[in-house]
Each structure stands twice: as structure tokens, then as C-alpha cells.
Amino acid sequence: MAVSMKPLGLTLASAAGVAALVALPYVAPGYVVSIGALVLIAAILASSVNMLAGDAGLVSLGHAGIAGAAGYGLAWASRQGWDIGAQLLLALLITLMVSVVYALISMRTNGIFFLMITLAAGMICYGLAYRWSSVTGGDNGLVGIRRPEWVAESWQFYFLCVAAFVVVTIAVRIFSNSPVGLVLRGLRDSESRMVSLGYQVAAYKFWAVLASGLVAGLAGVLTVWQMEYIAPNIADFQASALPLIMIVIGGVGSLPGPAIGAVIVVLGQQVVSTYFERWSLLLGLVFIAVVLFAPRGIVGAVTSSASRWWPRGRTDSPGVPPTPLDVPSSPPQ
Amino acid sequence: MGAAFYIQQVLNGLSFGALLFLVASGFTLVFGLMRVSNLAHGSFYLIGAFVGIVSAGFTRSFILGVVAGAATAAVVGLIVQRGLLRRLANQEMAEVLVTVGVSFVIADLALVIFGGTPRSMGAAVDMPSGSLEIGGFSYPWYRLFVIVFTVLIGIMLYVVQNRTRIGAIVRAGVDNREMTAAIGIRINRVFTGVFIFGALLAGLAGAIGSGVTSVNASSGTEILLYAMVVVIIGGLGSVTGAAVGATAIGLIDAFTKVWIPEFAYFTVFAPMAIMLVVRPRGLFGKV
Amino acid sequence: MDHNLTRRTRRRAAVAVAAGAAALLALTACAPPSAGQNPSDPGTDDSVFTVGVIASTTGFVAAIGADMNNGWDLFWEQQGTRAGAYEVRTIVEDDASDSTTALTKARRLVEEEHVDIVVGPVLANNSLAVADYLAQEGVANLSQTAADDLTQRRANDTLLRTGSLAASQMTFPGGQYAYDEGYRTAATICVDYAFGWESCGGFASAFLDAGGSISKQLWYPGDATDLSSYVSQLSALDVDVIFAGTAGGTDSSNFVRSAKDFGLLGSVPIINNCCTTDQFILQDVGDMALGLTSVSMFAEGSDDPTIAAFVSAYEDKYGSLPSSYALGMYATAQLVAAALENATEKPTGSAFITAAKQADVSDWVWGDASFDEQGNMVGPVYVRTVEERGDGTLWNAPIKTYDAVSQFWKYDPSAYLANPPFSQEFTSQR
């Protein structure tokens, strides 16, 4: 496939999107801005899940565990009085450690087994957060975590989130179109073929999980700064299920998918729930409908030449990429 | 702590394990046969519990309550399988995701219909109560009943699986779906039947389980997580595996609570993670 | 794979990212127009006093949230929504029993609705997070939770605990009572997080101080579905009395059931904290709870006229007996009305707290209670027993009252505060 036309439309649309994000604090009240930050953070976490689900066909139900671990590292260090640099360093170290564990236990699995093992890992993180009360504060969590001074105001923090979101989105895009990303997509389509071509499949999965873990860790740190508080529910089952719901509704594997899904879910949770109590019922129904009738999510359903939103490189079937949801699964080799 | 105490803990583990077996066997059969990881399976437990409690209260009969709970779960299972899963045949991930959505919906509906307060069978109706007392040892009859009842169900499952035609069909389907269909078995009917049966078992577990502990809207997710651990350890597709796994997890859980309660989650999920890494097929897995 | 293309794309992307990041960071210097405003500046009418209520109407404590709203509404229905020169307007937000939602709703109430005070939440973790935020914003918080630290190490001048007593405050008398009843050895079982540690801590401190001894302390995880292992451990012990501090959810019902199943009920006296025999639990477990002793701030079976009037008004309107959560909200509403009664200028923030502390509340359902320096109430604690009312309904009737109990019991406040909070490692003040 020849190099596609310079994606001018994509760049313009992205620029417009970023401009809108930047303009928000100047036109909307403070409360809306803090919701905006929540949406962006949720989109970052959803992107981390999207990296694995879209490209590699590895659906994780445990990424909130990594985010939570990073968050707790930051919060604990903050309570000990460490300075910001040291706090972030600890959060980074913990993110790496936990991601490595996730990667090690999951690198030889795929499909439903990957799902179950990440679910188990997420639950263990949640359990630790809940039970190791001398360090994590248990159910009460840790209160009084303060953001660094230069983002103390909520609109300043919002800009930090915008910057983080833009950086993550570009980084994910680069990752998807890089050689590693291509190998992962090959894995998704046929793992046995990649093995027979000589690829070290497990190693690629390892690095992919590690990379997505870093993004999840970033989301965890931002979450703690947003709330100035952390509690075990940052890592519970729902916290891991929601990013998945977001990317499915938005469009698994697509670039704007996580953001679109995040907007819908977070706005629904925080805003719609004020007026309509049965919000989570509605979300469940919408989710089911999307899976049944619009498996490429909103992005897939709305755009006709949807291929521009998905990573490049799919050479053997012109036009629309395969539904990322139909991943054939077999027990690990 | 004398022998009586340890026997009590073993029985605690077995009674919890019994409920897990009922839930896990349905889950594992459905996975083995249809390759569907039904993450809404916990919702059938929830339905069995709540409908069971309400019906028991209404009819003043524990048995009718249990029957109603199990039957309702089976009906919901039918709707989910026919209405949703069949449309997504062979799209594994989509099937799993749809079941996640279903579990969200059912959990919220349960909250609306039955409220947020924890419920239990004992509050709704007079139940077989009282304890077996031998010297210093005392153990509730109801939990013993749960163990015995489940063992009987287990035996029945074994007999059906290995001595009846329908059991042979299911076993054939688990081993090789395409071949089974190729020789003329209406595989879709078998799928639906097994799914409904799995839901029935989970609903039964819920109704009976609500007599052991209280249930609330998150009880479905809780039991599902434990059941998944059982299924992974026991091996997907194997009812024997579910029995072994359930016994193991039930006992581990009971003794962890005595010796190291802070690590309760860890001691249950770590074996699952280890099994997935070392022997993903599980102990008796057929998939 | 065209590597040149990738490199070019990467370079372009890097430039874009750098430019974008720089621009955004520069932006942090340009404050938007709304930034200067104090979000808690009231934007509305001076004759309307807006109260933001955060209750858990969905999620696992949904029943408690409903009761809380009922208690609040009952008061305003009885007395009308005018208090002094003000029209009292209530906005209710649901925190879905989740701390992130509680914080976001608190933000919404303060920044969008510009409420004058915030009442609630009730869950300890939600309350701690919200209280921290409200203290930063200078908005008065009338807390409904029992978490000790809110009026101890986290006390501040915009917080008042009006809907509950502190957790350990309610259980100190339990320890004293146990010793006075002749018990000398005890074992405790409490839920393994702050509320449980505080409940057991109160009992243990007072019991040990009086001269008793505790042979074993069990802690069960808050999300445990099955307490049989713990209860069976208790029945294997040989102690005079057992103290149980449960969280008021499924665990409380499960504890009562397991206690019956394993022969604990009736063979050993059990003293419970407030939650084990709260109305919700009684409605769930029924007659097996008869005779259970507990210590709490509220006894719905009391024949004190003020309390009885509240209980019967509640029952008339809602068809069931009120829980302590309903009482807390009703009492809070009474206090708000009294604080506004003689106010000449609309009190907000710490001014409201001062007005509330000094207000004279007639027929306060808390009885003879007053506020201490940290914003906690000093008031009566009841030892109660579960009995049948006569028409088959179960309730808690008081059998002994300890008056003017302080959150510090008999200890010196500064020495008490110098100690760490109650935990698994720090289980009594001794």
C-alpha cells in the first residue's frame, strides 16, 4: 500500500480539538474545568488499555491496578514529606515494578486467559490497597495530598492534564506505527504465524504491557493530584472495567476512541447522574448495544473512511480494518 | 485450639466451597463447550438470591423460594444466550464484553428492584436452623445441608456427564465442537441448554447461599471472582476440576481467615496467577 | 516498512509536542477570568440559605442514604423551610457510596451551586476526602460520620460533627459498663479499618483501665462475606464477655447470624457497637437479635419525650423506625434552623460554625449535648438492649445512660492527641 495522502485532515482535526481543550477554562466555570480534567485523566487510562486491546488484541481487565499502585506510591511519599521530585520518582519505580509483574505473568497468554490474569493482578493490587492499612490507610485512604505549587490552581492542573493527554496520544500513535506496533498487530491477527516467522512473541508482549503500564501509571499520578486524596477503589473491578467500556464505545484501537469514550462515561457518571439516578443501567445498555451493533464504536460508526483513525500498515485488506473485537483465542502455546 | 475448632474451619471451607462449586461448574461447562467466558455468571447468582428471598418471603416456603430463584436465573440465562450471545457467535471477545455489560445492567436493576440493604433468606422465612452439637463442638445444620446437597448435585452431574446420552453429547461438544455438529447434533440447542443449566446452577447457589450469608448488589461480582479462580485452577471445561478447585479454594479461604486474614485476597488470587503461568490448562482442563 | 517516513513523522511529532507543551506551560501564567473568584463566594440571594446535602442514595449504603434524607426532610416539613430571616433551600447530591463521586459532588455543590454549608457525607472515607476539600475552600461542613480523626487530628474551624458521636467516644462507656457488670476477661472482634479500630479501641481502653484484661483481638476485612471463621474462633475462647465492632453493613447481619449458628449467642455475653443492632440489621436478622446489648448515641426505644416524639413522627411518615442516621440528620436540621434563627448577617464558613456552636436548640433530639473545642459533641451515650416493642417490632431500649461523654473519655485531650490514632498496632490508650 502506498504511503497514504498526508493526513492533513487528521492534523487539522486534532489541532482544532486541542484548541477547544485549551479554550475551556476561559469560557466555562471552574466546576466544568475540573470535570474536564477528570475526562482527560480517564482518557489517558483508557488509552493505556487501548494500546493493548487495539493493537495486540490483548484485553486487560486489570490496568486500574497499575494506576492505583502508582497513585499510592505518590500519595505515601507525599505524606512522608518527600519533595515532589522524589515522590514522582517513587511513583515511577512502583509503576515499573508493577508493570513488569503484569508483563511477566501475562506475556505467555492471550485472549481470555490474558483477560483473566490481568483481572487477577488488578484484584491483588486492590486487595493490597484495601488490606495493607498501615501503609495505604486501608478503606479510609490517604488524605491531604497536595499538588505541586505550579499546578495548585485547578485550571493550571487542567492544562497539565491537556498536555499529558496530547503527549500520550501522540506517543501511542507513534508506538502503534512503530515496528513494535506492527508486530503486535501481527500477533493479534495470528500468533502462530508470527511465531513461525521467527518473532519472539512473548518478548514483544512484555514490552507492550510495560509501555501501557507506564501510561496507566501516569493516569494514576494525575488522579491523585486531581482529588488530593486516594482510596482503594482507584484499583477495584469497576475502575478497570470502565476504561474498557470507554474504548469499546469510542472505538477499540482507534486514536480518538479513548477520548470519546471517556467523555461519554465521565460526563454520564458525574453530570447525568445528578438528573438521572439509573445512570449505570443506561451505561450498561449502551455498552451492550455498541458491542452488538457497532463493534467499531462511535468512531467506526460515524466515519466512513474509518481507516484514517486506525494505525497504518494494514496491507492485506483495503478499506476498513477488521473489527478489533473478534480476536480468535486459543490457550497459550 | 482443639480438634473441634479445626473441624469447624474445614466445614466452613467446604460449605463455601460447595457454593463455589455450583457457580464454577456452570461457568466451566459454558466455557468448555461454547468458549464463552460469561462474566455475567455472577449475576445469575444474584438473581437466584434476591428472587429466592423475595419468593420465599411471599410463599412462606424456603423450598419454593429456592426453586423460584433458580428458575428465574435460568430464564434470564435463556434470554441472555438467545438474545445476545447467539448474535455474536464465534466472536469471543465481543461475547465476553457483552456479558460485562449485562452484569452492569443486572446489578443496577437489582439495586432498583430490591434496594441496597443486604438481604438474607433467614430474614424472609423460617429456615432449617439450629446446630449439630457434640460435646464442645457445634456446627450449624444448614451449612452441613449445603455441603451434602452440593455433593449430591455433584454426583448427579457426574452420572449425567458420564452415563447418559446428553452427557456424552456435551462431552463431545467440549472436545470437538465442529465434529459434533458435523455428525448431526443440533449443537445450538446443546449450547442453549448448557447455558441455561449453568445459569440454573448459579441461581440455585445464590438462593441457597443467601441462607448462609447476606447478599447485596455486589455479591454477584464477588462470587464470580472466586468462581473464576476455581475454574482456572481446576481447568476450563472440567466439572471434576471445578469440584477440586472449589474444595481447595474454600479450604484456603477458611484457613487464611484464621491465620493471615490480611492476605485473604492474595492467597486466593495468587494461586490463580501461578496456575495461569505454569499450567494454563489448569489441573483437569480440557480446553 | 519505510523507516524514513517513521523518522520524519517522529521528528515532526516531537516538534509539535515540544511546541505544544511549551505553549501550555506558558498558559499556566494566564489565568482565566474565573480563576480570581473564590469558588465559595455565594453568588445568590442573601435571603436564601442553601444547604448542600451529600447522601449515599445509591451504592452499598443506599438504605442509609435514604434514611438520612428522610430524617432531614421530616424536620423541614414539620417546621417549614423558614429559619429566622432566611428561606432554607436544600440541594441533595448522591455520592454513590464512592469517594471520587463524593468529592466531585462536593465540588459541584460549592463551585456551581454556591451552597452556604455542606451536610454529610456519611461514609468515613468519603467524609475525610470531602472535609479536606471543604476546609481548603472555607465552606462549613456539618459531618455525619463517626470517624474519630475529623474532630481530633483533623479538626478545623469549619467543621462540626453534628450527625453522630465519634466512634471510640461511643464505645468507651461500653468498656466501663462491661467491667461494672463484673466481667474481667474479654475478647474483641472488629472490622479491620479505622471505624473498627476506633470502636475496639474505645472499648479496650476503658475496659483495661478499669482493670479488665483482653485475651484476643480479631480483625475481619470490611468486605468479608462470611464471618464464620472468625466467630468460630471466638466460640473456642473462654472469656467473660465479647465486644463486637461491626461496620453496619452486610457484615453486621452476618455477624449476628454466625454468632447464632456457632452457639455464641446466649453462651457468652456480647456487647456490640452502635451498628450491629441498628434498625437495618434488626429488620434483617429479626428475633435472633433479641437481648443483644450495645452502646450507641441513640436508642429509639427511649421514653424520653423528645426522642419518642421524633421516633413516632418518623414512623408515622415513613412506616418504619428511624435509624441513627436519620436521627443525625434531623438533629443537624434542628441545629441549622437554630443557628439561623437570630442571625443578622448570613453566616457562612467559620462564622456559621460559631453560630451553630452557640445556638440554643430547643427540644434537641441529642438531649443534653454541647460542643467541645474540636467541634465534636459532648453528650449522652446509651447502653441498650434489643427488645420487642409489643407489636412485634424490634428496637433498642436504653438500660443505662452515661451522661456528658467526651470524645476523649477521661483522658487529657493533649496527651490523647499526642498518641497515634487507633489502629491494629495501637489498640488502647494504655
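This is a predicted model: local features need pLDDT of at least 70, side-chain atom pairs count only at pLDDT 80 or more; totals for chains, interfaces and linings use all residues.
**Salt bridges**

Side chains of opposite charge can pair when their charged atoms come close.

| Pair | Distance (N to O) | Burial |
|---|---|---|
| B:Asp108 and A:Arg278 | 2.9 Å | both buried |
| C:Asp116 and C:Lys346 | 3.1 Å | both buried |
| C:Arg257 and C:Asp284 | 3.9 Å | both buried |

The salt bridge of B:Asp108 with A:Arg278 crosses between chains, running from helix H4 of chain B (residues 92-114), which holds B:Asp108, to the loop between helix H12 (257-275) and helix H13 (279-293) of chain A, which holds A:Arg278.

The side chains of C:Asp116 and C:Lys346 also meet in a salt bridge, and this pair links distant parts of the chain, 230 residues apart. C:Asp116 sits in the loop between helix H3 (99-112) and strand E4 (117-119) of chain C, whereas C:Lys346 sits in the loop between helix H11 (324-341) and helix H12 (349-358) of chain C.

For C:Arg257 and C:Asp284, whose side chains meet at 3.9 Å, the partners lie in helix H8 and helix H9 of chain C respectively, so the pair ties together parts that are 27 residues apart in sequence. Beyond these pairs, a network of salt bridges links C:Arg89, C:Glu93, C:Lys105, C:Arg108, C:Glu112 and C:Glu113.

**The contact between chain C and chain B**

The size of an interface is often given as the accessible area lost when the parts come together. Between chain C and chain B about 2,400 Å² is buried, with 49% of it on carbon and sulfur atoms. Chain C brings 28 residues to the contact, and chain B brings 28 residues.

On the side of chain C that touches chain B, helix H2 (62-79), helix H7 (228-235), helix H8 (250-261) and helix H9 (279-285) each supply at least two residues. Helix H8 of chain C gives the most to that side, with seven residues. Sorted by class, the side of chain C that touches chain B holds nine nonpolar, 13 polar and six charged residues.

**Aromatic rings**

A search of the whole structure finds 37 aromatic pairs over all chains. In one of them, the rings of C:Tyr416 and C:Phe422 have centres 6.5 Å apart and planes at 80°, so the pair counts as edge-to-face. C:Tyr416 is buried, with a relative accessible area of 2%, and C:Phe422 likewise counts as buried, at 6% relative accessibility. Chain C also contains an aromatic cluster formed by C:Trp72, C:Phe75, C:Trp76, C:Phe298, C:Phe310, C:Tyr314, C:Tyr318 and C:Tyr330.

**A loop serine in chain C**

Is C:Ser302 buried or exposed? With a relative accessibility of 9%, C:Ser302 counts as buried, and its place is the loop between strand E11 (293-296) and helix H10 (305-318) of chain C. When residues up to four places away in sequence are not counted, C:Ser302 touches C:Ile307, C:Ala308, C:Asn396 and C:Pro398.

How values were computed. Residues are numbered from 1 along each chain as its sequence is written. Chains are lettered from A and ligands numbered from 1 in the order in which they are written. Side-chain values use heavy atoms; hydrogens and water are left out. Contact means heavy atoms within 4.5 Å. Buried area is the accessible area (1.4 Å probe) that two parts lose on being put together, summed over both. Helices (H or I, at least four residues) and strands (E, at least two) are DSSP runs, numbered from the N terminus. Ala, Val, Leu, Ile, Met, Phe, Trp, Tyr, Cys and Pro count as nonpolar, Asp, Glu, Lys and Arg as charged, and the others, Gly among them, as polar. Rings of Phe, Tyr and Trp (its six-membered ring) pair if their centres lie within 6.5 Å; planes under 30 degrees apart count as stacked, over 60 as edge-to-face and the rest as tilted. Buried means under 20% relative accessible area, exposed over 50%, partly exposed in between (1.4 Å probe, protein chains only). A salt bridge is a side-chain nitrogen of Lys or Arg within 4 Å of a carboxyl oxygen of Asp or Glu.
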